[in-house]
Amino acid sequence: MSERRYTEQEEALEIKSLRRIIAAYANYQDAAERDVKRYERSFKMLPPAHKELLFHLGLKYQRLRWCISMNAAFIMNMLEAFEPPFNMSQYIDNGGHDHPSNMHNHSHVDCTHSSGRGDSPTISISISNSSLDEQHDNPKEGAKTHESSRETDYKKDEEDQMAGCSQPVGSNLGTSQGVDVSCNGDTNARAAAYYQDKDVYSSSAVDNVTPRHCTGSLFKLNVPPIDVDKVRCIVRNIVRDWAEEGQKERDECYKPILEELNRLFPNRSNQRPPSCLVPGAGLGRLALEISSLGFVSQGNEFSYYMMICSSFILNHTQEANEWTIYPWIHSNCNSLSDNDQFRPVSFPDIHPSSAGITEGFSMCAGDFVEVYSEESQESAWDAVVTCFFLDTAHNIVEYIEIISKVLKDGGVWINLGPLLYHFADSYGPDDDMSIELSLEDVKKVAYHYGFVMEVEKMIETTYTANLRSMMQNRYRAAFWTMRKNASREKPC
Ligand code: SAH
């Protein structure tokens with residue numbers, strides 16, 4: 001991809017956006033504690049007889065606190081390992097006047113199928129086996145979109161920025177830094193250094209912070225509920241992608257895709273492995289499985305929430321089931337028992353660096369539209385796999401057009417997912433564009449761009465579901481394999 005460079009303003013926006021995300025992670029514990037306090041307040045309002053009857057709830061709240069602290073410990077370790085692609089001490093004291101007031105207005109948070117648009121990643125995290133990848137992502141400058149929609153440029157030789165973002169597998173996978181599993185002040189301090197974002201979090205406590213001289217009070221920031229939700233969504237995504245408990249969902253979603261790839265590329269050679277792009281790769285498990293199957297696999301993801309977490313799991317895991325979290329503690333609803341709510345989940349269920357990945361595995365951060373519209377991406381891929389991705393589009397036609405463009409003639413597109421358009425019903429001030437087509441129309445558009453349907457079926461599945469919950473959202477997801485047939489392609 002061509003080399004690009006950030007303008008100062010773009011970089012400032014990226015840094016602010018990333019600070020906000022780090023702050024959301026870093027304040028996980030505080031936000032959760034606020035919930036527990038709310039439960040306790042309700043409990044206190046009970047008449048004495050009812051209180052006595054529900055005496056055990058007091059213990060439940062203590063237990064909740066303990067689980068929260070365990071989750072927070074994981075998050076803090078993850079932040080500790082994260083190496084921001086920017087010098088995060090920049091652009092702190094300008095009062096935010098150079099930023100649009102709506103820059104952090106994410107119009108949509110969807111916990112069952114997280115969109116994450118607006119997270120503005122601009123780095124390329126490479127976990128390839130080979131040398132540093134040089135993919136550059138370029139979130140676009142969209143007319144009416146929000147902060148993610150910025151042209152972001154990157155200059156290859158700015159190694160200080162790239163360091164730690166492009167991490168070769170050899171030096172990173174399985175070589176965790178051995179950070180203490182604790183939520184101590186030092187770890188907090190490191191994270192705190194990244195989010196001194198005064199205009200968003202008007203807390204004087206974050207002024208003039210130096211990383212190693214901070215206290216826990218720095219975390220008492222007022223993170224917007226939408227960001228709190230996003231962190232909790234990531235926790236659920238960890239289960240989907242990296243826990244034993246997510247196996248059922250992975251069998252429903254990823255297995256049919258992997259089987260299809262296996263069938264379509266029967267004679268894969270180690271010397272010249274076929275290539276596969278996975279836009280909207282989430283926490284990276286599908287992209288990793290595709291790599292292990294013998295493909296040069298590249299995940300593309302534009303949410304920093306996702307990238308920070310996937311990078312940690314892929315690059316810093318020392319052994320399988322190294323971490324234990326309590327993903328289901330944040331909802332008291334539809335629980336069969338408290339024990340269900342408090343059940344621990346260990347992850348990752350596999351050691352990523354022992355998964356037999358194919359050389360060239362990488363995660364590329366950036367807006368799919370921006371990154372893969374580049375000329376260098378034309379006819380670059382043998383396969384494109386989209387899983388719960390198509391409906392994240394503002395303009396699904398654009399997604400399909402790009403998928404067609406990046407595929408080689410005869411290349412295949414495997415899709416699985418619903419059409420729960422992320423920007424449908426978004427009543428944000430931005431009034432985001434949202435083209436919401438039926439499945440029938442989606443297929444028509446695909447045919448227009450030269451695709452021929454080869455396999456088509458519906459697959460019932462869930463997305464980050466709590467298996468023991470009394471409520472289960474099920475999707476009837478569309479699954480297909482289409483082949484790009486050059487002779488039928490009609491240029492627009
Ligand atoms: N494929 C994963 C994640 C699906 S959720 C899975 O099946 O679990 C959709 C993902 O697409 C989210 O992680 C979201 O951040 C990402 N995404 C949404 N719009 C994107 C865009 N324009 N470019 C890159 N990633 C995008």
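Mentor: Start with the term. A salt bridge here is a side-chain nitrogen of Lys or Arg within 4 Å of a carboxyl oxygen of Asp or Glu. Keep in mind that this is a predicted model. A search of the whole structure gives 22 such bridges. I will take three of them in turn.

Begin with Lys 443 and Glu 456. Their side chains form a salt bridge, at 2.2 Å from N to O. The two residues are 13 apart and tie together distant parts of the chain: Lys 443 belongs to helix H15 (residues 439-448), and Glu 456 to strand E9 (residues 451-461). Now check burial. The cut-off for buried is under 20% relative accessible area. Lys 443 has 16%, so it counts as buried. Glu 456 has 44%, so it counts as partly exposed.

Next, Arg 285 and Glu 289. This salt bridge has an N to O distance of 2.6 Å. Both residues sit in helix H10 (residues 285-292). They are four residues apart, about one turn of the helix. Arg 285 is buried, with a relative accessible area of 3%. Glu 289 is partly exposed, at 23%.

Helix H2 (residues 28-44) holds both, four residues apart, so about one helical turn separates them. Lys 37 is partly exposed, with a relative accessible area of 43%. This pair does not stand alone. Glu 33, Lys 37, Glu 40 and Arg 65 are linked in a network of salt bridges.

Now the setting. The chain has 15 helices and ten strands. Of its 492 residues, 58% are buried. Take the contacts between residues at least 6 apart in sequence: 80% of them join residues at least 24 apart. The accessible surface comes to about 19,700 Å², and carbon and sulfur atoms account for 49% of that area.

The largest pocket holds about 580 Å³. Its lining has 26 residues, and the closest to the pocket centre are Arg 236, Trp 328, Ser 331, Asn 466 and Met 471. Two elements give two or more residues to this lining: helix H8 (225-242) and helix H12 (338-341). H8 gives the most, with four residues. By class, the pocket lining has eight nonpolar, twelve polar and six charged residues.

The Lys 443 and Glu 456 bridge runs between helix H15 and strand E9. The Arg 285 and Glu 289 pair lies within helix H10.

Conventions
Residues numbered from 1 in each chain as written. Predicted model: local features only at pLDDT ≥ 70, side-chain atom pairs only at ≥ 80, totals over all residues. Heavy atoms only, no water. 1 Å grid on protein atoms, 1.4 Å probe; cavity = no way out; pocket = protein on both sides within 12 Å on 5 of 7 lines; lining within 4 Å. Points joined across faces, edges and corners; volume = space filled by probe spheres on them. Nonpolar A, V, L, I, M, F, W, Y, C, P; charged D, E, K, R; others polar. Buried < 20%, exposed > 50% of the residue type's maximum accessible area, 1.4 Å probe, protein only. Contact = heavy atoms within 4.5 Å. Areas by Shrake-Rupley, 256 points an atom, 1.4 Å probe, with all protein chains shown as cover.
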